[in-house]
Amino acid sequence: MSPSDFFYRNREIAGFSNPSRAIYAAVRELLENSLDACEAQKALPEIYLRITEVSASEPGANVYIMRISDNGTGLPPEEIPNCFGKVFYGSKYTLKQARGTFGLGGTITILYGQITTHKPVTITSSTGGEIHEYEMMIDIQNNRPLILRHRVMENKKKWRGTVVELQMEGDYSRIKSRLLDYLKETAIVNPYADLTFVDPAGRLYRYERGTEKMPPLPKAVKPHPHGIDVENFRRLVSVTKEKSMKAFMMEHFQGIGQKTADNFLKAAGISRRAKPKSLKPEDIVTLVRTARQFSDFKRPDPSCLSPIGEELLETGIRKELNLTEEDFLKVVTRKPSTYLGFPFIVEAAVATGSSISKQYKSGTTIIRYANRIPLLFDESSGVIWKVINKNINWSTYKVYSDTPLVVVVHVCSTKIPYKTVGKEYMADQPEVEREITNAIRTAARSLRIFISRSQRAAKERRRLDIFEKFLPKIAEFSTKLSDKEDYPDIEPLLRAVSTAIPDVEEKIKEVTTIVGDAA
Amino acid sequence: MSETPHKDADKRREITEASLKQLGNLIYEQIQNREFPWIMMQSRSTDNIIYDPELRQYILGSRTTRRHARNIRHIRPFTQMVWTAWFARELVSMRKTSTLREVYYSARGQQDIEFSGQPESDNIIIDLEVALNRPREDFGIFPEERSAIFGDLTIEYTVPGYEGRRMNLTDHPDGVMVGPAVTSSEFVETSADKVLVIEKGAMFNRLIEEKAHERFNAILVHTAGQSPRSTRKIIRRLNQQWGLPIYIFTDGDPWGIHIAMVIISGSANAAHLRDLATPEAKWIGVWGTDIIDYKLPTENLTEHDSKRLRELKTDPRYTGEIWQREIDIFMKIGKKAELEAFSRYGLTYIVDEYLPAKLESV
């Protein structure tokens, strides 16, 4: 079975489980591909997405044209057919944080479009020179592209980027609100991106850029020995040029020097002069198991991670949640940490205020991200939900069930601890859970201060309101009662309550009584 | 009492109006002086309500409290009190009367002053009584009346339009309702030599029918349960003005006992007021002893009744011998009897036998 064939038969795994989810999965794959392409060349992303309804094929499933264009790197013309027309295993021997859920780019989407409509995909791309346009299909059984048409065009305007247009079956109406959530949440974590979406009804949705700053690109790093598995170890062995195991360990893994390599190989019972190519399968298993328990490696290198950063995340949240100066927002980016040999960073944000209560139902709204991808489904199964609803005692932070609250959590890692193949929620790895908890708690401590301040201010306001309500009445009726002409001036008293002049307190200590006659 | 009663009433009205105006002046000037207005008054909290054995009634102690517009919890009742004072002054100067219920409704439509219920407005009125040391009747504010009076008593009205007019209280065979007009009238003359106070309307009517006022030479007063202040005041006046002895006749249960006691010694609620109690008045039945002596039909005391009896037993107003004795008897027999219980011996038995015997014994 070819990889294409495998995905053809198991498309649910990639999220194409029903017509509405298929639309969502397709947008997600294509959009994230585009974002990666833009960031790779440090271009501020400008992405245009359009979904057009073609015809209804069967009840609940229509045919749509999906078109996405970006201003990313573009693809070298000779690579276009393979990039989009072949499901292949990359030969990655280094690690860095990446968006792509499955590392398949848009191929799975193209595959899905093809099997539901039997229409070709059109890919137009340029790296700055000529523009190449391919119309093609995928030969599923043989896992290779079938080029139907290839056109080369002049590129006078020096356009750079990629346009993908394909047809697919789906059900837009049932995924509409989730898709809009997804785009909004994507705009939050990519505040430097400019997104435009035109829906099948022709409605335009704009997610405008809020900043021109982009976070630094993650660096590629060698794998950490704690996190290696047998298969990856075997692949490293098969490609290595090193002649001894000691050199092999030092070359292919991070943080291993002479001494650590010697100690480790000794612990594994493998000679440091042994040839990597002559390792037996059981030797590899031994090495991997020993590596997992060996405690003298350095901590995993977090430079392969790309957190959004407090400043950018704040920009994104402010613009997409329309926060004003009155609203509260606190963003926290934690220091790098590790679980099972994988580095990870947790970022969290907490927002409250009247702007929040206008757009969300009362109570807590959770926005989750893994490696900058919004997670929209199965919220209550994941570790973030658990932390927010079980680990954190919100009343400590003066948050109650009716407090309008948005909690944003982003976990970035070279390996997100997804719980299932659906990749919609994270497992409760203790280290990850602890970091999420700490991040939210840190943000919530500022929240508590904000809430008590606003409660005090509101209380002061209510106090003043009460005086403003009753003092005029007292003035009015005491005037009538005493047959006076003009109302006494209550302004000094109102000023006193708003500033609490101490000498007013002094004055009231003097005592007088009303003496009724002794009739 | 002077020869021209309505002149006295006029004077009293003037003084009331002046003290209301004085309250307005005080508050007005406090505001002018850039001070949050406030007034001192005697505290009405339970620990400041003391039983005075000499006066034989509850009085307010020496502790005072300040109702202060600077205090966020006081400003609303303070405002309501100023409004109520203004309302009272309007009543007094226009020589009108009103009821507690009407005061509550009159505040409706006064934005922000509105009372949340009649208990709140009643309470503010009591505050005003305490602050100015005057009963609400002086402000022209009366309770809903249900009590009545009957007998050979000539009164002279002081209410507008009736000044100087006289009336004999036997003129109306249902008895005369004790309203503002009767309350503010002057008592001119009577041939009666005693007052019979009855808790229940049915028994009051029976006594009128059986001409008890003539047979016992008595003025009859119907309290309709716990007697309103105006009725207590009338009872006191009859006692004070002509020295008429007062005999109180209630159901034979703790609630009836207490109706009698409030007439005699006043209530804790009205501890700020004088001239309401009649310490000389006597409770003549129905006693626990009567239940035994007359073999009256009875009902068993409920748990609620017994609890009330135990409370009365330790109440400072009930230290007198007869009270302690009768409370003990009620508790011992565990029974109670209503006034109507005498009907088992025929409708006139109470007038023919019981009352004469009772009145003779005291």
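**Two chains in contact: questions and answers**

Biologist: How many residues do chain B and chain A bring to the contact?

Modeller: This is a predicted model, in which local features need pLDDT of at least 70, side-chain atom pairs count only at pLDDT 80 or more, and totals for chains, interfaces and linings use all residues. Residues are numbered from 1 along each chain as its sequence is written, while chains are lettered from A and ligands numbered from 1 in the order in which they are written. Two residues are in contact if their C-beta atoms, placed from the backbone, lie within 7 Å. Counted this way, the contact takes 40 residues from chain B and 30 residues from chain A.

Biologist: Which element gives the most to the side of chain B that touches chain A?

Modeller: Helices (H or I, at least four residues) and strands (E, at least two) are DSSP runs, numbered from the N terminus. The elements of chain B that give two or more residues to this side are α1 (5-32), β1 (38-42), α2 (75-94) and α4 (118-132). With 14 residues, the one that gives the most is α1(B).

Biologist: Which strands are the edges of the open sheet in chain B?

Modeller: Two strands pair if DSSP finds at least two bridges between them. Here 6 strands run in the order β10-β7-β13-β12-β14-β15, with mixed pairing; β12 (residues 194-198) and β14 (residues 246-249) of chain B, for instance, pair in the parallel sense over 4 bridges. Pairing on one side only marks the edge strands, β10 (176-177) and β15 (282-285) of chain B.

Biologist: Which element of chain A has the lowest mean pLDDT?

Modeller: pLDDT is the predictor's confidence in each residue, from 0 to 100. Chain A has a mean of 86, yet pLDDT stays under 50 over its residues 501-519. Strand β7 (residues 194-198) of chain A has the highest mean among the elements, 97, and the lowest, 42, belongs to helix α15 (residues 502-507) of chain A.
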